[in-house]
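Okay, thanks for coming, everyone. Let me put the model up on the screen, and then I'll walk you through a few parts of it.

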There are 2 protein chains.
Amino acid sequence: MDERQALAAFAALGQEHRLRVVRALVTAGPDGLAAGVLAETVNVAGNNLSFHLKELSHAGLITSRREGKSVIYSAAYAGLSDLVQFLMRDCCQGHPEVCAPAVAALAACDCTTGDTLHA
Amino acid sequence: MDERQALAAFAALGQEHRLRVVRALVTAGPDGLAAGVLAETVNVAGNNLSFHLKELSHAGLITSRREGKSVIYSAAYAGLSDLVQFLMRDCCQGHPEVCAPAVAALAACDCTTGDTLHA
DNA sequence: CCTATATATCAACTATCGTTGAAATGTAGA
DNA sequence: TCTACATTTCAACGATAGTTGATATATAGG
């Protein structure tokens, strides 16, 4: 992930409605949520949500698929993972105190059991 | 870190000059950089940079201290770490495929040797 | 084919953000 | 104290982003 992509991703996440959408999709899992359900969840008008979903899609943070009359959106796990890696990429240039806490916190999250982070 | 703080942090990082400032400060380490040096590094006018530095400071991503005539800025490692944790907090609700790659990537970064991530 | 449902597009408006230039503040040395 | 240097503040302008309402597209069922 280069700076331009990271910039787009951060800008996308720096908006209330879009951040809520991403969090809703991340917690919803790979099955995703229909645009209409998302609109209710985030409490945003459909046409407006559509604008934000396009933004998130361009930023590589979500993906979509059509399923009958609905369009189902889900989190782009790879994109999110890349963004985390980008944030931490420069943290280790001789200064382990930067990333050590973050690594420790993530390591404490046992993904195989479905536990959540206790931040 | 609550949603409001995360929102401010993401919005702060979603701006070209500010993202460059943060990266410059993260790589600079705990010693930090003077405002003037940052202005040259990021190629932004001093008064304009001052605006962005205030924004980043409010978002909890950087800190400052005066040293003689200069004001030295450094990365707020705790703030950055919190942000990473916030991004990953909801990743494990029964769907380990979300955060597993990110955790693996961070684990591959041996902070004690000063190695950087190979993303 | 016609209608209902679900989502997306577009133009227009408003608000917010980023930049600029001028001026103020704070610090150190002559 | 006077001057030079470093940074910040402020008002004003231009650009960009978010919302809204109206309209368009796509799909399924009667």
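Let's start with one pairing: A:A34 has A:I72, in β3(A), as its bridge partner. Before I go on, this is a predicted model, where local features need pLDDT of at least 70 and side-chain atom pairs count only at pLDDT 80 or more, while totals for chains, interfaces and linings use all residues. Residues are numbered from 1 along each chain as its sequence is written, with chains lettered from A and ligands numbered from 1 in the order in which they are written.

Back to that pairing. β1(A) and β3(A) run antiparallel to each other, over two bridges; strands here are DSSP runs of E, at least two residues, and helices are runs of H or I, at least four, numbered from the N terminus. Two strands count as paired if DSSP finds at least two bridges between them. The whole thing is an open, antiparallel sheet of three strands in chain A, ordered β1-β3-β2. At its edges sit β1 (33-34) and β2 (62-67) of chain A, each pairing on one side only.

Now, the DNA. What comes nearest to strand C? That would be A:A34, A:A35, A:G36, A:N47 and A:S70, out of 22 residues around it; "near" means a C-beta atom, placed from the backbone, within 6 Å. Elements giving two or more residues to that surface are α3 (35-42), α4 (46-58) and β3 (70-75) of chain A, plus α4 (46-58) of chain B. α4(A) gives the most, six residues. By class we have seven nonpolar, 11 polar and four charged, where Ala, Val, Leu, Ile, Met, Phe, Trp, Tyr, Cys and Pro are nonpolar, Asp, Glu, Lys and Arg charged, and the others, Gly among them, polar.

What about the inside? The largest nonpolar core has 64 residues, and A:V22 and B:V22 touch the most other members. A core is a set of buried Ala, Val, Leu, Ile, Met, Phe, Trp, Tyr and Cys residues joined through C-beta atoms within 7 Å.

Last one: B:K54, in helix α4 of chain B. Buried or exposed? B:K54 is exposed, because it has 12 other C-beta atoms within 10 Å; the cut-offs are 12 or fewer for exposed, 20 or more for buried, and partly exposed in between, with C-beta atoms placed from the backbone.
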